[in-house]
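User: Can you walk me through this one? I'd like the surface, the sheets and the confidence.

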Amino acid sequence: MTEPKAAIAALTFVLLASQGALAQIASKVEAGSITTQQDGEVPSSVFSVAPGIRVDLPYLALSARGSAWLTGQQWQIADGTLSGNLITPVFNHFRAEMIGNASRAFYDRSLENDQVDAQARLHMLFAQRGGIWVGGGVARPWRIAVVSSVDVTGGGAWTRVGDAMLSGTYTNFFFTKVAATRDSSGATQSCGTHNEPLAIAAGGGSSLSSSAATSPSNDCRRQSRFSDVEGSVNWAFGWLELTGQAGYRFGDSYDVTPDSRRWAAGTAVVWITNRVAAVMGGGRVPANPSRGLPARNYANFGMMLSYNSIPRTTVPVAPRTLAAVRDFEVRPLATGTQKITVRVGGVETVEVMGDFSDWTPLVLMRRGRDMWDITLPVTTGVHEINLRLDGGPWLAPPGLPTRRDSFNGDVGLLVVP
C-alpha cells in the first residue's frame with residue numbers, strides 16, 4: 001500500500017472510530033420474483049435477490065445495495081449502488097444536504113453502464129410536520145450511446161397528515177451528448193438538425209433531440225431537456241405500509257415518447273414479524289435516458305428479511321441518540337387522553353417520563369418496524385417530558401422547547417391546549 005493510501009485509510013478509521021458510539025448498522029435482504037414488460041414485447045420473469053446495508057451516524061448516512069438475477073440456470077449481477085448522505089444540523093429551520101451516488105447496471109452485454117452523480121439541497125422545515133427543498137446536481141454516465149452528462153435541478157415539498165406522508169417533486173433534466181464529427185473510417189458525419197431525433201435505444205424509450213452545433217474541437221454537441229412532476233404518498237399503520245406514486249413528464253415530442261408521458265406504481269409491505277415482511281407491488285416506470293432504460297411495466301412479489309438493526313448480541317452498538325428519532329408527536333384523542341407517537345428504527349425499547357407520570361418511566365408499545373406509541377391522561381397546560389432509547393440517557397424530545405431542570409439537565413416542554 002502506498003503512503004497516500006495508508007494515510008487515507010488511517011484517517012477514515014479515526015473518523016469512524018470517533019463516531020462509533022453513535023453509529024447504527026442496519027441490513028436487509030429482499031428475495032422474490034420480478035416480471036417486466038416493454039411495450040410490444042413478451043413479459044419476462046426472473047428470481048431476484050437484493051441485499052443492502054446502511055450505516056447511520058448523527059449527520060452522515062452510508063449505504064450499499066445490489067441485486068442478482070437468476071435467469072434459467074445462471075446467476076447474473078443486475079446492479080449495485082454506493083450512496084452517501086451528509087446533512088447539517090438545523091439552524092433557524094434550515095438544513096443543508098449533500099448526496100452522492102456511484103452505481104453500476106449490468107443486465108446483459110447490450111445494457112451495461114456506470115454512473116456517478118452528486119446533488120446539493122437546501123431544506124426548510126416547518127416544526128417537523130412539513131418542509132420544502134430546492135437543489136441541483138450533475139450526473140456522469142459511461143457507456144451510454146446518447147448521453148454524456150446530465151444536469152439536474154428541482155425542488156419539492158412534503159407534509160405529514162396523520163399516519164401518512166405526502167410529497168411532491170419537480171425535477172428538470174438537461175442532457176448533453178458530445179459525439180465526434182467523423183466516424184471510425186474518418187468520414188465526416190453531420191451533427192444533424194432538430195428534426196432528426198437521436199433514439200435512446202433500439203427497444204424504445206425517450207429520445208434526445210439533435211439541436212447541435214459543431215465545436216472547434218471537432219465534435220457535435222446534442223442537447224435535450226424534459227421535466228418530471230411526481231407525487232407520492234406513504235401510509236404506515238401497525239404492520240402495514242402502503243406507498244403509491246404517479247407522475248407526468250413534460251417535454252418536446254422529440255425528447256419524450258408517448259410511453260413515458262405518464263406513470264404510476266404502488267407497493268404494499270406487510271410485516272409478519274419485526275424482521276420479516278412480505279412485499280408486493282407493480283406499475284409502470286418511464287424511460288431513463290441516463291441509464292439507457294426504456295419505459296416498461298413491472299410487477300414483483302417477495303419477502304424482506306432483517307430490515308431492523310443487527311442484534312446487539314452480534315454487533316455491539318451503543319444506545320441510539322435522539323438524532324435517530326424521525327418524528328415525535330403528541331395528539332389528543334376523543335377520550336380526553338393524549339397519544340404520544342415516536343418514529344425511530346433500530347431500537348429495542350422507547351420510554352417517556354414527565355410530571356404527568358410523577359417521573360416514572362413508561363414503556364411505549366411497538367406498532368410496526370419503526371413506530372412506537374402510548375396513550376396517557378395528560379391535563380391541559382405546560383408539562384415537562386423526557387425521552388429515552390434503549391436505556392440510554394434521558395433527553396428532551398426533538399422539536400420541543402427545552403429548559404434546565406433542578407438536576408442541571410435539559411427537559412422538554414410539552415404544551416397541551
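Analyst: One term before the surface: patches are made of residues with over 30% relative accessible area and no salt bridge, and nonpolar side chains are joined within 5 Å. Also, this is a predicted model.

User: OK. Which residues make the nonpolar surface patch?

Analyst: V29, I272, M303 and L305 make it. The patch covers about 310 Å².

User: Where is I272 found?

Analyst: In the loop between β15 (262–271) and β16 (276–285).

User: Does I272 count as buried or exposed, and why?

Analyst: Exposed. The cut-off for that is over 50% relative accessible area. I272 counts as exposed because its relative accessibility is 53%.

User: Switching to strands. How do β6 and β7 pair?

Analyst: In the antiparallel sense, over 12 bridges. Strand β6 spans residues 111–125 and strand β7 spans 130–142.

User: Which residue is the bridge partner of L122?

Analyst: V134, in β7.

User: And what about β7 and β8?

Analyst: Antiparallel again, here over 10 bridges. Strand β8 runs through residues 149–161. G137 stands opposite V152 in β8.

User: How many residues sit between β7 and β8 in the hairpin?

Analyst: There are 6. In the turn, R143 has a positive phi of about 60°.

User: What is the strand order in the open sheet?

Analyst: β18-β19-β23-β22, which makes 4 strands with antiparallel pairing. The edge strands are β18 (327–332) and β22 (365–366), and each pairs on one side only.

User: How many bridges link β18 and β19?

Analyst: β18 pairs with strand β19 (residues 338–343) over 6 bridges, in the antiparallel sense. D327 stands opposite R343 in β19.

User: What holds strands of a sheet together in general?

Analyst: Strands pair through backbone hydrogen bonds, parallel or antiparallel.

User: Now confidence. What is the mean pLDDT?

Analyst: It is 77 for the protein. Of its residues, 74% reach 70 or more.

User: Where is confidence lowest, and where highest?

Analyst: Lowest in helix α1 (residues 3–18), with a mean of 39. Highest in strand β14 (residues 240–250), at 93.

User: Which stretches stay under 50?

Analyst: Residues 1–22 do, and the model gives them 10 contacts beyond four places in sequence. Residues 192–217 are also below 50.

Key
Residues numbered from 1 in each chain as written. Predicted model: local features only at pLDDT ≥ 70, side-chain atom pairs only at ≥ 80, totals over all residues. Heavy atoms only, no water. Pairing = 2+ DSSP bridges. Helix = DSSP H or I, 4+ residues; strand = E, 2+ residues; numbered from the N terminus. Patch = residues over 30% accessible without salt bridge, like charges linked within 9 Å, V, L, I, M, F, W, Y side chains within 5 Å. Areas by Shrake-Rupley, 256 points an atom, 1.4 Å probe, with all protein chains shown as cover. Salt bridge = Lys/Arg side-chain N within 4 Å of Asp/Glu carboxyl O. Buried < 20%, exposed > 50% of the residue type's maximum accessible area, 1.4 Å probe, protein only. pLDDT = per-residue confidence, 0-100. Contact = heavy atoms within 4.5 Å.
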